[in-house]
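Please read the following account with the sequence and the coordinates side by side.

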Amino acid sequence: MLDNIRNAEINDLPRIMEIFAHARRFMAEHGNPDQWGPDNWPPEDLIRSDIECGKCRVCIQDGEIVGTFFYDQGKNIEPDYLKIDDGAWLDDSDYGVIHRVASSGKVKGIGSACIHWAISRCRHLRIDTHKDNLVMQNMLRKNGFIHCGTIYVRNGSEPRMAFERTDMKQP
């Protein structure tokens, strides 16, 4: 499907920000105007920081950046995931976390491609999304994620649906 997923470079920043603008429009058109829209999320300084620390990835097709996401892995790497309400995480081992998945809209299946890339590095993944982001929720369930409860993010006023996939025996 994709030619490559690689670490983002600072000269990719303008294209990444274009992709986030497209993703905000897409989410608004599909019933989710509040997850990223009101605050013009994510801010450029955050993405610059993600790039500088080597955690921002870009998806390449035919030489063009068509998607982006954040990835990290370790033990308790996401402070917002330390407390979960209305449920529980499935596994307390080290995990990978995926954030800020966005597509240019030119290639189908970017979200699934990002997840498969992450699974190839860590078979225990966590991710969260807004209650109105039905597109993301459906994609997560299709890719083996289970809704585990509710978390609260520092940069958002509304709770987020927390999902997890733990598949330690199979890639």
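The face of helix 4 that is turned away from its buried side carries the exposed residues L134, N138 and K142. In this predicted model, the buried residues of helix 4 include M136, Q137, M139 and L140. Viewed down the helix axis, the buried residues of helix 4 fall within an arc of 165°, and they therefore line one face of the helix. These buried residues pack against strand 4, helix 3, strand 5 and strand 7. Just after helix 4, G144 adopts a positive phi of about 85°.

Which elements give two or more residues to the largest nonpolar core? That core has 25 residues, and those with the most contacts inside it are F69, I98 and L125. Two or more residues come from each of strand 3 (64–74), strand 4 (95–103), helix 3 (110–119), strand 5 (124–129), helix 4 (134–142) and strand 7 (160–166). Helix 3 gives the most to this core, with seven residues. Apart from this core lies another, of 17 residues, among them A8, I16, A23 and I60. In soluble globular proteins, nonpolar side chains tend to be buried together.

The surroundings of F69 can be followed residue by residue. With its neighbours within four places in sequence left aside, F69 is in contact with I5, with K55, C56, R57 and C59, with I98, H99, R100 and V101, and with C114 and W117. Strand 3 has eleven residues, nine of which are buried, so this strand is largely enclosed by the rest of the structure.

Strand 3 also has pairing partners. Strand 2 (residues 56–61) runs antiparallel to strand 3, and six bridges join the two. Within this pairing, C56 has F70 of strand 3 as its bridge partner. Two residues lie between the strands in the hairpin of strand 2 and strand 3, where D62 takes a positive phi near 50°. Strand 4 is likewise antiparallel to strand 3, and seven bridges join them. Here Q73 has G96 of strand 4 as its bridge partner.

Is strand 2 largely enclosed or largely open? Six of its six residues are buried, so strand 2 is largely enclosed by the rest of the structure. In a regular strand the side chains alternate between the two faces of the sheet. Both faces of strand 2 are covered, with C56, V58 and I60 buried on one side and R57, C59 and Q61 buried on the other. Strand 2 is also joined by four bridges to strand 1 (residues 4–7), and these two strands run antiparallel. In that pairing, N7 stands opposite R57 in strand 2.

D50 is found in helix 2 (residues 44–52). The relative accessible area of D50 is 5%, which is under the 20% limit for a buried residue. With its neighbours within four places in sequence left aside, D50 is in contact with K55, C56, F70 and R100. Of these contacts, C56 and F70 are the bridge partners already described. R15, in turn, is found in helix 1 (residues 13–29). Beyond its neighbours within four places in sequence, R15 is in contact with E64, I65 and S104. The C-alpha atoms of R15 and G37 are separated by 18 Å, with the two residues lying 22 residues apart along the chain.

The chain as a whole may now be considered. Its secondary structure comes to four helices and seven strands, which follow the pattern β-α-α-β-β-β-α-β-α-β-β along the sequence. The C-alpha atoms fill a box of roughly 40 × 35 × 30 Å along the principal axes. A compact globule of 171 residues would have a radius of gyration near 16 Å, and the 15 Å of the protein chain agrees with this. Buried residues make up 51% of the 171 residues. Among contacts in the protein chain with a separation of 6 or more, 70% are between residues 24 or more positions apart. The protein chain exposes about 8,600 Å², and carbon and sulfur atoms supply 49% of that area.

Definitions and conventions
Residues are numbered from 1 along each chain as its sequence is written. This is a predicted model: local features need pLDDT of at least 70, side-chain atom pairs count only at pLDDT 80 or more; totals for chains, interfaces and linings use all residues. Side-chain values use heavy atoms; hydrogens and water are left out. A nonpolar core is a set of buried Ala, Val, Leu, Ile, Met, Phe, Trp, Tyr and Cys residues joined through side-chain atoms within 4.5 Å. Buried means under 20% relative accessible area, exposed over 50%, partly exposed in between (1.4 Å probe, protein chains only). Contact means heavy atoms within 4.5 Å. Two strands pair if DSSP finds at least two bridges between them. The radius of gyration is taken over C-alpha atoms; the globule rule is 2.2 Å times the number of residues to the power 0.38. Accessible areas come from the Shrake-Rupley method with a 1.4 Å probe; for residues, only the protein chains shown count as cover. The arc is that of the directions from the helix axis to the C-beta atoms.
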